[in-house]
Amino acid sequence: MQVDRARFLADLHGLRAFGACGAGVVRPAYSEADMAARGWLAQRFEAAGLRVQTDAMGNLFGLADGPSILLGSHSDSQPEGGWLDGALGVIAALEVARASREAGGPAVSVVSFQDEEGRFGVTTGSAVWSGHLALAEADKLLDHGGVSLAQARRVVAGAGAVDPSQFTGFIEMHIEQGPVLDTVGERIGVVSDIVGIRDMKITFDGQQNHAGTTPMHLRRDAFQAVAAFNRLVEERFAPVVTPATVWTIGHLSMHPNASSIVPGRAVFSMQWRDGDAERLAAMERIIRDTAQEVAKRRGLDVAFGPMSGLEPVAMDARLRGALEASAQDLVPDAWRVMPSGALHDATNVARLMPVAMLFVPSIGGISHAFEEDTAEADLITGVQVLARAVAALHAG
(Lines give C-alpha, C1' and ligand atoms only; values in the text may rest on other atoms or scores of the structure.)
Protein backbone atom coordinates (compact mmCIF):
# COMPACT_ATOMS: atom_id res chain seq x y z
CA MET A 1 0.00 0.00 0.00
CA GLN A 2 1.60 3.26 -1.15
CA VAL A 3 0.12 6.61 -0.18
CA ASP A 4 0.19 9.39 -2.76
CA ARG A 5 1.94 12.25 -1.00
CA ALA A 6 0.94 14.94 -3.50
CA ARG A 7 -2.72 13.87 -3.50
CA PHE A 8 -2.80 13.73 0.29
CA LEU A 9 -1.32 17.21 0.70
CA ALA A 10 -3.52 18.66 -2.07
CA ASP A 11 -6.67 17.44 -0.34
CA LEU A 12 -5.44 18.66 3.03
CA HIS A 13 -5.00 22.15 1.59
CA GLY A 14 -8.29 21.81 -0.29
CA LEU A 15 -10.16 21.34 2.98
CA ARG A 16 -8.21 24.24 4.45
CA ALA A 17 -9.86 26.59 1.96
CA PHE A 18 -13.27 26.26 3.60
CA GLY A 19 -13.54 28.96 6.24
CA ALA A 20 -9.94 30.04 5.65
CA CYS A 21 -8.89 32.95 7.86
CA GLY A 22 -5.23 33.92 7.76
CA ALA A 23 -3.23 30.76 8.39
CA GLY A 24 -6.14 29.09 10.20
CA VAL A 25 -9.82 28.36 9.69
CA VAL A 26 -13.16 29.51 11.06
CA ARG A 27 -15.43 26.49 10.53
CA PRO A 28 -17.65 25.95 13.59
CA ALA A 29 -20.14 23.09 13.53
CA TYR A 30 -23.16 23.64 11.25
CA SER A 31 -21.82 26.95 9.96
CA GLU A 32 -21.94 27.71 6.24
CA ALA A 33 -18.23 26.95 5.93
CA ASP A 34 -18.60 23.66 7.82
CA MET A 35 -21.47 22.46 5.65
CA ALA A 36 -19.64 23.48 2.47
CA ALA A 37 -16.60 21.54 3.63
CA ARG A 38 -18.75 18.47 4.31
CA GLY A 39 -20.25 18.72 0.84
CA TRP A 40 -16.77 18.81 -0.66
CA LEU A 41 -15.67 15.87 1.49
CA ALA A 42 -18.68 13.87 0.37
CA GLN A 43 -17.60 14.37 -3.25
CA ARG A 44 -14.06 13.25 -2.41
CA PHE A 45 -15.41 10.17 -0.62
CA GLU A 46 -17.54 9.25 -3.64
CA ALA A 47 -14.59 9.74 -5.99
CA ALA A 48 -12.64 7.28 -3.82
CA GLY A 49 -15.31 4.63 -4.36
CA LEU A 50 -16.91 5.01 -0.94
CA ARG A 51 -20.66 5.13 -0.30
CA VAL A 52 -21.57 8.42 1.37
CA GLN A 53 -23.98 8.49 4.28
CA THR A 54 -24.83 11.33 6.68
CA ASP A 55 -26.74 10.76 9.89
CA ALA A 56 -29.15 13.10 11.67
CA MET A 57 -26.32 14.80 13.60
CA GLY A 58 -24.38 15.51 10.41
CA ASN A 59 -21.68 12.88 10.99
CA LEU A 60 -20.35 12.18 7.48
CA PHE A 61 -19.29 8.64 6.56
CA GLY A 62 -17.60 7.23 3.47
CA LEU A 63 -18.40 3.53 3.67
CA ALA A 64 -16.52 0.63 2.11
CA ASP A 65 -18.37 -2.57 1.21
CA GLY A 66 -18.52 -5.23 3.90
CA PRO A 67 -16.68 -5.24 7.21
CA SER A 68 -14.00 -2.56 7.37
CA ILE A 69 -11.76 -0.64 9.69
CA LEU A 70 -12.96 2.91 10.34
CA LEU A 71 -10.51 5.82 10.14
CA GLY A 72 -11.14 9.53 10.59
CA SER A 73 -11.65 12.43 12.95
CA HIS A 74 -13.63 15.67 12.54
CA SER A 75 -13.66 18.65 10.18
CA ASP A 76 -15.38 21.35 12.26
CA SER A 77 -13.16 23.91 13.98
CA GLN A 78 -12.94 26.08 17.03
CA PRO A 79 -14.34 29.64 16.60
CA GLU A 80 -10.73 30.53 15.73
CA GLY A 81 -9.14 27.24 14.80
CA GLY A 82 -6.05 25.72 13.26
CA TRP A 83 -6.09 24.15 9.82
CA LEU A 84 -5.00 20.66 10.95
CA ASP A 85 -7.05 20.01 14.09
CA GLY A 86 -9.36 17.16 13.06
CA ALA A 87 -8.93 17.86 9.36
CA LEU A 88 -5.64 15.94 9.27
CA GLY A 89 -7.31 12.77 10.56
CA VAL A 90 -10.10 12.96 7.98
CA ILE A 91 -7.84 13.52 4.99
CA ALA A 92 -5.28 10.94 6.17
CA ALA A 93 -8.14 8.44 6.45
CA LEU A 94 -9.32 9.27 2.94
CA GLU A 95 -5.82 8.82 1.52
CA VAL A 96 -5.35 5.45 3.25
CA ALA A 97 -8.76 4.33 1.96
CA ARG A 98 -7.76 5.26 -1.59
CA ALA A 99 -4.30 3.73 -1.33
CA SER A 100 -5.71 0.49 0.05
CA ARG A 101 -8.33 0.29 -2.69
CA GLU A 102 -5.70 0.88 -5.38
CA ALA A 103 -3.44 -1.81 -3.92
CA GLY A 104 -6.23 -4.35 -3.46
CA GLY A 105 -5.81 -4.06 0.29
CA PRO A 106 -8.26 -4.16 3.20
CA ALA A 107 -11.57 -2.32 3.18
CA VAL A 108 -11.26 1.11 4.82
CA SER A 109 -14.16 3.40 5.75
CA VAL A 110 -13.82 7.09 6.61
CA VAL A 111 -15.68 9.41 8.97
CA SER A 112 -15.80 13.11 9.75
CA PHE A 113 -17.67 13.47 13.03
CA GLN A 114 -19.75 16.60 13.67
CA ASP A 115 -19.25 19.15 16.47
CA GLU A 116 -16.16 17.56 17.97
CA GLU A 117 -15.03 21.02 19.02
CA GLY A 118 -18.02 21.37 21.33
CA ARG A 119 -20.13 24.23 20.06
CA PHE A 120 -22.96 22.35 21.80
CA GLY A 121 -21.18 20.16 24.31
CA VAL A 122 -18.29 17.71 24.31
CA THR A 123 -17.56 15.80 21.06
CA THR A 124 -21.29 15.95 20.42
CA GLY A 125 -21.53 14.14 17.07
CA SER A 126 -19.64 11.03 18.13
CA ALA A 127 -21.33 11.13 21.55
CA VAL A 128 -24.73 10.77 19.88
CA TRP A 129 -23.53 8.16 17.36
CA SER A 130 -21.99 6.03 20.11
CA GLY A 131 -25.11 6.13 22.28
CA HIS A 132 -23.41 8.12 25.01
CA LEU A 133 -25.89 10.97 24.46
CA ALA A 134 -29.47 10.63 23.18
CA LEU A 135 -30.29 12.84 20.20
CA ALA A 136 -33.37 14.20 21.98
CA GLU A 137 -31.19 15.33 24.87
CA ALA A 138 -28.49 16.69 22.56
CA ASP A 139 -31.11 18.80 20.77
CA LYS A 140 -31.68 20.75 23.99
CA LEU A 141 -28.03 21.86 24.20
CA LEU A 142 -27.38 25.55 23.59
CA ASP A 143 -24.32 27.28 22.20
CA HIS A 144 -22.95 30.46 23.79
CA GLY A 145 -25.32 32.53 21.63
CA GLY A 146 -28.40 30.67 22.84
CA VAL A 147 -28.93 28.69 19.62
CA SER A 148 -30.09 25.12 20.23
CA LEU A 149 -28.54 22.13 18.53
CA ALA A 150 -32.01 21.24 17.21
CA GLN A 151 -32.09 24.58 15.41
CA ALA A 152 -28.52 24.36 14.14
CA ARG A 153 -28.79 20.88 12.66
CA ARG A 154 -31.70 21.80 10.43
CA VAL A 155 -29.08 22.40 7.73
CA VAL A 156 -28.26 18.66 7.74
CA ALA A 157 -29.92 16.76 4.90
CA GLY A 158 -29.06 13.26 6.08
CA ALA A 159 -30.98 11.24 8.62
CA GLY A 160 -30.02 7.58 8.12
CA ALA A 161 -28.33 5.78 10.98
CA VAL A 162 -24.91 4.23 10.34
CA ASP A 163 -24.56 0.77 11.89
CA PRO A 164 -21.31 0.54 13.92
CA SER A 165 -21.28 -3.27 13.74
CA GLN A 166 -19.80 -3.11 10.23
CA PHE A 167 -16.54 -1.69 11.61
CA THR A 168 -13.77 -3.82 13.09
CA GLY A 169 -12.08 -0.94 14.91
CA PHE A 170 -11.34 2.79 14.78
CA ILE A 171 -8.02 4.62 14.43
CA GLU A 172 -7.84 8.40 14.70
CA MET A 173 -4.78 10.30 13.49
CA HIS A 174 -4.38 13.77 14.97
CA ILE A 175 -1.89 16.52 15.65
CA GLU A 176 -0.55 16.32 19.19
CA GLN A 177 -1.85 19.80 20.16
CA GLY A 178 0.92 19.95 22.77
CA PRO A 179 4.68 20.54 22.91
CA VAL A 180 6.09 17.09 23.75
CA LEU A 181 6.99 15.67 20.32
CA ASP A 182 8.16 19.01 18.95
CA THR A 183 10.32 19.71 22.00
CA VAL A 184 12.14 16.37 21.92
CA GLY A 185 12.37 16.20 18.13
CA GLU A 186 10.35 12.99 17.72
CA ARG A 187 8.12 12.26 14.73
CA ILE A 188 5.27 10.09 16.01
CA GLY A 189 3.29 9.61 19.20
CA VAL A 190 1.27 6.45 19.78
CA VAL A 191 -1.44 7.21 22.31
CA SER A 192 -1.72 5.04 25.43
CA ASP A 193 -4.90 6.57 26.83
CA ILE A 194 -7.14 9.64 26.61
CA VAL A 195 -7.92 11.69 29.70
CA GLY A 196 -11.43 12.11 31.05
CA ILE A 197 -13.18 15.46 30.99
CA ARG A 198 -15.92 17.29 32.88
CA ASP A 199 -17.55 20.50 31.70
CA MET A 200 -20.39 22.62 33.09
CA LYS A 201 -21.64 26.20 33.35
CA ILE A 202 -21.89 28.01 36.67
CA THR A 203 -24.04 31.10 37.22
CA PHE A 204 -23.68 33.71 39.97
CA ASP A 205 -26.70 36.00 40.41
CA GLY A 206 -26.15 39.14 42.44
CA GLN A 207 -27.54 42.67 42.13
CA GLN A 208 -27.07 44.98 39.17
CA ASN A 209 -26.36 48.51 40.45
CA HIS A 210 -24.71 51.85 39.76
CA ALA A 211 -20.91 51.60 39.54
CA GLY A 212 -20.34 55.08 40.93
CA THR A 213 -22.73 55.26 43.86
CA THR A 214 -22.78 51.72 45.25
CA PRO A 215 -20.21 51.31 48.09
CA MET A 216 -17.89 48.36 47.69
CA HIS A 217 -18.99 46.68 50.93
CA LEU A 218 -22.65 46.76 49.81
CA ARG A 219 -22.12 45.33 46.37
CA ARG A 220 -23.41 41.93 45.30
CA ASP A 221 -21.02 41.87 42.34
CA ALA A 222 -21.26 38.72 40.23
CA PHE A 223 -17.85 39.19 38.64
CA GLN A 224 -16.11 39.54 41.98
CA ALA A 225 -17.68 36.21 42.92
CA VAL A 226 -16.10 34.62 39.84
CA ALA A 227 -12.72 36.12 40.76
CA ALA A 228 -12.97 34.86 44.36
CA PHE A 229 -14.07 31.41 43.14
CA ASN A 230 -11.14 31.18 40.75
CA ARG A 231 -8.62 32.00 43.49
CA LEU A 232 -10.11 29.64 46.07
CA VAL A 233 -10.63 26.67 43.78
CA GLU A 234 -6.98 26.75 42.71
CA GLU A 235 -5.89 26.65 46.36
CA ARG A 236 -8.25 23.78 47.18
CA PHE A 237 -7.25 21.74 44.15
CA ALA A 238 -3.59 21.73 45.24
CA PRO A 239 -3.74 18.65 47.55
CA VAL A 240 -5.81 16.68 45.03
CA VAL A 241 -4.38 17.25 41.57
CA THR A 242 -1.21 16.07 39.79
CA PRO A 243 1.07 17.98 37.39
CA ALA A 244 -0.93 16.45 34.52
CA THR A 245 -4.31 17.69 35.80
CA VAL A 246 -5.72 20.77 34.09
CA TRP A 247 -8.73 23.05 34.59
CA THR A 248 -9.99 26.07 32.71
CA ILE A 249 -12.50 28.89 32.94
CA GLY A 250 -12.67 29.46 29.21
CA HIS A 251 -15.87 31.41 28.69
CA LEU A 252 -17.34 34.21 30.81
CA SER A 253 -20.38 36.37 30.08
CA MET A 254 -21.64 39.17 32.31
CA HIS A 255 -24.91 41.05 32.43
CA PRO A 256 -25.42 43.78 31.53
CA ASN A 257 -21.75 43.94 30.53
CA ALA A 258 -21.43 47.73 30.81
CA SER A 259 -18.53 49.73 32.23
CA SER A 260 -20.67 51.83 34.61
CA ILE A 261 -22.83 49.05 36.01
CA VAL A 262 -21.99 46.55 38.73
CA PRO A 263 -22.65 43.22 37.00
CA GLY A 264 -25.65 41.42 38.40
CA ARG A 265 -25.06 38.11 36.67
CA ALA A 266 -21.99 36.15 35.60
CA VAL A 267 -22.15 32.88 33.69
CA PHE A 268 -18.91 30.99 33.15
CA SER A 269 -17.68 27.64 31.91
CA MET A 270 -15.71 25.35 34.20
CA GLN A 271 -13.82 22.49 32.58
CA TRP A 272 -11.40 20.02 34.15
CA ARG A 273 -9.45 17.04 32.79
CA ASP A 274 -7.53 14.15 34.30
CA GLY A 275 -6.80 10.50 33.60
CA ASP A 276 -8.34 9.31 36.88
CA ALA A 277 -12.13 9.20 37.28
CA GLU A 278 -11.97 9.42 41.09
CA ARG A 279 -9.86 12.57 40.89
CA LEU A 280 -12.35 14.12 38.46
CA ALA A 281 -15.13 13.42 40.97
CA ALA A 282 -13.11 14.92 43.84
CA MET A 283 -12.55 18.07 41.79
CA GLU A 284 -16.28 18.33 41.11
CA ARG A 285 -17.01 18.28 44.82
CA ILE A 286 -14.46 21.05 45.41
CA ILE A 287 -15.93 23.14 42.58
CA ARG A 288 -19.51 22.88 43.85
CA ASP A 289 -18.63 23.46 47.50
CA THR A 290 -16.43 26.46 46.68
CA ALA A 291 -19.02 28.09 44.44
CA GLN A 292 -21.72 27.69 47.09
CA GLU A 293 -19.44 29.09 49.79
CA VAL A 294 -18.52 32.13 47.68
CA ALA A 295 -22.16 32.81 46.86
CA LYS A 296 -23.25 32.60 50.49
CA ARG A 297 -20.43 34.82 51.71
CA ARG A 298 -21.21 37.53 49.13
CA GLY A 299 -24.99 37.38 49.22
CA LEU A 300 -25.43 35.87 45.76
CA ASP A 301 -27.32 32.93 44.35
CA VAL A 302 -25.48 30.19 42.50
CA ALA A 303 -26.76 27.69 39.93
CA PHE A 304 -25.05 24.81 38.19
CA GLY A 305 -25.86 23.81 34.64
CA PRO A 306 -25.91 20.20 33.43
CA MET A 307 -22.50 18.57 33.53
CA SER A 308 -21.20 16.88 30.41
CA GLY A 309 -18.13 14.72 30.25
CA LEU A 310 -16.40 11.56 29.23
CA GLU A 311 -14.49 8.93 31.16
CA PRO A 312 -10.76 8.21 30.67
CA VAL A 313 -10.20 5.60 27.95
CA ALA A 314 -7.28 3.20 27.35
CA MET A 315 -6.35 2.37 23.76
CA ASP A 316 -6.82 -1.14 22.36
CA ALA A 317 -3.65 -3.23 22.67
CA ARG A 318 -3.86 -4.80 19.20
CA LEU A 319 -4.48 -1.57 17.29
CA ARG A 320 -1.93 0.29 19.38
CA GLY A 321 0.63 -2.48 18.79
CA ALA A 322 0.21 -2.16 15.01
CA LEU A 323 0.84 1.58 15.23
CA GLU A 324 3.90 1.05 17.42
CA ALA A 325 5.38 -1.52 15.04
CA SER A 326 4.70 0.74 12.06
CA ALA A 327 6.32 3.72 13.79
CA GLN A 328 9.38 1.66 14.68
CA ASP A 329 9.73 0.49 11.06
CA LEU A 330 9.43 3.96 9.56
CA VAL A 331 11.02 6.23 12.18
CA PRO A 332 13.02 3.95 14.51
CA ASP A 333 13.76 5.53 17.88
CA ALA A 334 11.98 8.75 16.86
CA TRP A 335 8.57 7.94 18.34
CA ARG A 336 7.08 7.43 21.77
CA VAL A 337 4.04 6.13 23.62
CA MET A 338 2.20 9.02 25.28
CA PRO A 339 -1.15 9.96 26.82
CA SER A 340 -3.55 12.41 25.21
CA GLY A 341 -4.41 15.41 27.34
CA ALA A 342 -6.87 16.57 24.68
CA LEU A 343 -10.24 14.96 24.18
CA HIS A 344 -11.04 13.18 20.90
CA ASP A 345 -13.88 11.34 19.18
CA ALA A 346 -12.05 8.08 19.86
CA THR A 347 -13.24 8.36 23.47
CA ASN A 348 -16.87 7.96 22.40
CA VAL A 349 -16.17 5.40 19.70
CA ALA A 350 -14.48 3.19 22.32
CA ARG A 351 -17.98 2.41 23.62
CA LEU A 352 -18.62 0.54 20.36
CA MET A 353 -15.33 -0.98 19.19
CA PRO A 354 -11.56 -1.13 19.76
CA VAL A 355 -9.86 2.24 19.22
CA ALA A 356 -6.35 3.65 18.88
CA MET A 357 -4.77 7.04 18.16
CA LEU A 358 -1.71 8.36 16.38
CA PHE A 359 -0.10 11.78 16.91
CA VAL A 360 2.21 13.92 14.79
CA PRO A 361 4.06 16.95 16.22
CA SER A 362 2.54 20.41 16.61
CA ILE A 363 5.09 23.15 15.94
CA GLY A 364 5.62 25.02 19.18
CA GLY A 365 2.89 22.96 20.80
CA ILE A 366 0.31 25.42 19.44
CA SER A 367 -3.27 24.39 18.68
CA HIS A 368 -6.76 25.94 18.83
CA ALA A 369 -5.16 29.00 17.26
CA PHE A 370 -4.53 30.30 13.74
CA GLU A 371 -0.78 29.67 14.24
CA GLU A 372 -1.28 25.89 14.54
CA ASP A 373 0.99 24.02 12.11
CA THR A 374 2.98 20.83 11.49
CA ALA A 375 5.97 20.28 9.21
CA GLU A 376 5.01 18.75 5.87
CA ALA A 377 7.46 15.90 6.38
CA ASP A 378 5.75 14.99 9.65
CA LEU A 379 2.32 15.06 8.02
CA ILE A 380 3.53 12.59 5.40
CA THR A 381 5.23 10.38 7.98
CA GLY A 382 2.00 10.23 9.94
CA VAL A 383 -0.13 9.05 7.04
CA GLN A 384 2.53 6.50 6.09
CA VAL A 385 2.58 5.08 9.62
CA LEU A 386 -1.22 4.88 9.55
CA ALA A 387 -1.27 3.10 6.19
CA ARG A 388 1.36 0.57 7.22
CA ALA A 389 -0.49 -0.18 10.46
CA VAL A 390 -3.78 -0.76 8.59
CA ALA A 391 -2.05 -3.13 6.16
CA ALA A 392 -0.40 -5.01 9.02
CA LEU A 393 -3.69 -5.41 10.88
CA HIS A 394 -5.25 -6.93 7.78
CA ALA A 395 -2.30 -9.26 7.18
CA GLY A 396 -2.14 -10.35 10.79
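**Aromatic pairs and charge-over-ring contacts**

Eleven aromatic pairs are counted in this predicted model. Rings of Phe, Tyr and Trp (its six-membered ring) pair if their centres lie within 6.5 Å; planes under 30 degrees apart are stacked, over 60 edge-to-face, and the rest tilted. Local features need pLDDT of at least 70, side-chain atom pairs count only at pLDDT 80 or more, and totals for chains, interfaces and linings use all residues. Residues are numbered from 1 along each chain as its sequence is written, and side-chain values use heavy atoms, leaving out hydrogens and water.

**View A. Tyr-30 and Phe-120 form an edge-to-face pair.** Their centres are 6.1 Å apart, with 65° between the planes. Tyr-30 sits in the loop between strand S2 (24-25) and helix H2 (32-47). Phe-120 sits in the loop between strand S6 (108-113) and helix H4 (124-129), 90 residues apart from Tyr-30. Helices (H or I, at least four residues) and strands (E, at least two) are DSSP runs, numbered from the N terminus. Both Tyr-30 and Phe-120 are buried (under 20% relative accessible area; 1.4 Å probe, protein chains only).

**View B. Phe-113 and Trp-129 form a tilted pair.** The centres lie 5.7 Å apart, with 45° between the planes. Phe-113 is in strand S6 and Trp-129 in helix H4, so the pair ties together parts 16 residues apart in sequence. Phe-113 and Trp-129 are both buried.

**View C. Ring pairs link five residues into a cluster: Phe-61, Phe-113, Trp-129, Phe-167 and Phe-170.**

**View D. Arg-16 places its charged end over the ring of Trp-83.** The distance to the ring centre is 3.9 Å. A charge sits over a ring if NZ of Lys or CZ of Arg is within 6 Å of the ring centre and within 35 degrees of the ring normal. Likewise, the charged end of Arg-288 sits over the ring of Phe-304, 4.9 Å from its centre.

Note on methods:
Buried means under 20% relative accessible area, exposed over 50%, partly exposed in between (1.4 Å probe, protein chains only).
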